[in-house]
2 protein chains.
Amino acid sequence: MTYAILSEALRAAMARNDDNAITHLIAELQPADLADFITQQNPAASLELLRHLPLPERAEAFGYLEQEQQLNLARLMPERELAGLMTPMPADERADLFNLLPEPRQEATLRHLAREEREDVRRLASYREGTAGALMTTDYVTIPEQAKVAEALALVRRTAPDAETIYQLYVLDERRRLVGTLSLRELILNSPASSVRALMTTELVQAEVDLPQEEVARLISRYDLLALPVVDAEQRLVGIITYDDAMDVAEEEATEDIHKGGTIGKLEGGLRNASLFTLYRKRIVWLVLLVFANIFSGAGIAHFEETIEAYIVLVFFLPLLIDSGGNAGSQAATLMVRGIATGDVRLADWGKLLGREMIVATGLGLTMALAVSLLGTFRGGPDIALVVALSMLVIVMVGSLIGMSLPFVLNRLGWDPATASAPLVTTIADASGVLIYFGIATSLLGLPA
Amino acid sequence: MTYAILSEALRAAMARNDDNAITHLIAELQPADLADFITQQNPAASLELLRHLPLPERAEAFGYLEQEQQLNLARLMPERELAGLMTPMPADERADLFNLLPEPRQEATLRHLAREEREDVRRLASYREGTAGALMTTDYVTIPEQAKVAEALALVRRTAPDAETIYQLYVLDERRRLVGTLSLRELILNSPASSVRALMTTELVQAEVDLPQEEVARLISRYDLLALPVVDAEQRLVGIITYDDAMDVAEEEATEDIHKGGTIGKLEGGLRNASLFTLYRKRIVWLVLLVFANIFSGAGIAHFEETIEAYIVLVFFLPLLIDSGGNAGSQAATLMVRGIATGDVRLADWGKLLGREMIVATGLGLTMALAVSLLGTFRGGPDIALVVALSMLVIVMVGSLIGMSLPFVLNRLGWDPATASAPLVTTIADASGVLIYFGIATSLLGLPA
């Protein structure tokens, strides 16, 4: 049955309080779908639903919930129940949940966990958010270097129920340092008597615990890894990060970059769950900053007040000209920012890219100058057409130059290049556009005596 | 050794034509790193390098190259060599390469392939680009429904060398219809005598061949799948799509959305490889369209020429006010477009989101009106301050309304909501801002007699 049919049946069963039907239907839902269904209920009803599932399935569905939902449900559970739910959760999700809890609840819940889980939570929860350490799980399979394939397979069978993945195995020396990796595929394809040391890959792709999460996602995607091992400064294996977590990080990072490109601050959790005040707070900062930045455009206009009064027709072309510079600049900035984020563009390429951009911008500027000169002739005669066309060419070239340089300049200053958003580029390009336009107009048309 | 060290040593070995050292160093590089290294060489040197690798490794590294690079190298190879390279390639990458070749070369190359590969290429190459069919591979492991675990394991061992993944297994009935999936983990954990039918999952997450690739990526990410089975209209299994391809699609789709948000058309391949004319072509369309859209702003200004001549100080605030509407609108559009793309926002939520947006926009508008009223008092006295503050409030609210509605309207018209780019929103908000500002000014200040 599809999610649509199941969820409708489940809603009906809930309406008539049919516990039996609920238990039956809920077991058929994929954990991700169940999480989605739960998100649409109030917290009390959600908890009621979850309690219809056996503990392992309950923990799995719980892991698919957004953090805010997890916290809402955790608030309603007694500590003992919460600890019971946390026990079968994957180590990384368990530590994330722990970090969400208010401090007194953290301690109270820890007391109900078994010692092994308690120590694991404490260790994992201590890594800084946004790093490899905070993403990694401790549920993986390790194999001693001197093992044979048969022993390794036996180890896999023994650890499989708890491990997040058994398809990638980690070979450790006697000091627990990571010396190689081995896939289950290789174990299965080779004779039981072969030695692990001979089969393992020693060209390791690995991360240190403090590697930023976007780098983690990039490594996993670049090398098509199932899981990335995480080591401490002594090369000891401390965790692994699986590809599905990397996919979530990549999506989160793309959202953050897109939001930054629209001058919106980092939103934790989704748009749907954000409070109105949070949305206000994440948007007002740049809006006000840009108001003040726009004063430069205003000041430029004030400076040329006499020219404007003499040739009021110039104002007709003002939005069109300054916007074009901003638009061409936004395009250039967008290409650069995304290129830097995906690794397609390197900072060292700046000089070469600048040269290319100037050629493209000249082409764009000439085309647009042609378009606008027709308009200029029609509205203001040949003199105005010349001013407008020439301004367009220069404005588009300067706008492109600003848009393409800003991400690199910001990066040099230690800022995220994604801060070079369309609105910021537009505002800077606007101010320079005003100066270029009225400057050209004043010098070509002259001031009335 | 790290990539940096290896690549430097490799460059040195190439400079002194040390074939022995090249063969040695190249074998140590990860395929993804080798592809990256090759990208920095000219095609002839790249091909020379690849030829230092044994065929399977050569095919793997080749698969990591961008399509344009693949095509450049394929041009230099005799058909027989090309066919030899294609044989060990994964079925999906092989079909993609085939689709890149000019038609006469396609036929010539096919003749050198074994019959099985030839038919596989023909079949896979026939699916439309951007669909599940074009992404899928045919290298997977299937198990008959009535098999026992022991037989299934034997089948896995037999097919493992050719399969793209052996960790997810597909159970077919006698008519080759997909009836269940089974993980290698389950095979390993259960007794050899258990029946596959009893162990397999029958709640299938699957795709039809024509499902758009962004939906494929979303399914794999939502359900944390290792691979997604693809079926035809008769539920027969025709291919699988692995998580690493889904990660590439997700990145590609995010780039496309970000580019669209900067009014840049779809760029195949990376920015680095794009020709200057392609860049011009992908950018000019929207730039010129927006020039003409901006005529509305100009016409608005022309309409209020008398007001402007009477109160020339109003022009000082023009960029600041109309940009603020555009900026607030861009923020709203950015939030909506990304929300729709990630599935966080549904079209059905529009009414509720609109209500929330209007509350937030009122808060934003009031804050900005306050900021700008101080500026207005300073530059033009209390009358001007009132006009400017009131305009700011209305402009920010209207701009937000435009930004948040445009993606939904576009979607209704069958367009991609991502077309609601910051520059488009800004241009529409600008025109309405001009009307609001000078409209309010004219009615509050009155026209000089």
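This is a predicted model: local features need pLDDT of at least 70, side-chain atom pairs count only at pLDDT 80 or more; totals for chains, interfaces and linings use all residues.

Modeller: Residues are numbered from 1 along each chain as its sequence is written, chains are lettered from A and ligands numbered from 1 in the order in which they are written, and side-chain values use heavy atoms, with hydrogens and water left out.

Colleague: How many salt bridges are found over all chains?

Modeller: A salt bridge here is a side-chain nitrogen of Lys or Arg within 4 Å of a carboxyl oxygen of Asp or Glu. A search of the whole structure with that criterion gives a total of 36.

Colleague: Which helix of chain A holds the salt-bridge partner of A:Glu79?

Modeller: A:Glu79 pairs with A:Arg105, with the closest N and O atoms 2.9 Å apart. The two residues are 26 apart in the chain, A:Glu79 lying in helix H7 (residues 79-86) and A:Arg105 in helix H9 (residues 103-110). Helices are DSSP runs (H or I, at least four residues), numbered from the N terminus. The helix that holds A:Arg105 is H9.

Colleague: Is B:Asp33 buried or exposed?

Modeller: B:Asp33 forms a salt bridge with A:Arg222 at 2.7 Å, N to O, and the pair crosses between chains, from helix H15 (residues 213-222) of chain A to helix H3 (residues 31-39) of chain B. Buried means under 20% relative accessible area, exposed over 50%, and partly exposed in between (1.4 Å probe, protein chains only). A:Arg222 has 30% and is therefore partly exposed. B:Asp33 has 5%, so it counts as buried.

Colleague: How are H19(A) and H17(B) oriented to each other?

Modeller: The axes, lines fitted to C-alpha atoms over the stretch in contact, have angles that run from 0 to 180 degrees between N-to-C directions. Those of helix H19 (residues 314-342) of chain A and helix H17 (residues 276-293) of chain B come within 10 Å and cross at roughly 150°. Angles over 145 degrees count as roughly antiparallel. The two helices are therefore roughly antiparallel.

Colleague: Which helix gives the largest share of the nonpolar patch?

Modeller: A:Val394, at 31%, counts as partly exposed. The largest share, 3 residues, comes from residues 350-412 of chain A, helix H20.

Notes:
Angles under 35 degrees count as roughly parallel, over 145 as roughly antiparallel, 65 to 115 as roughly perpendicular and the rest as oblique.
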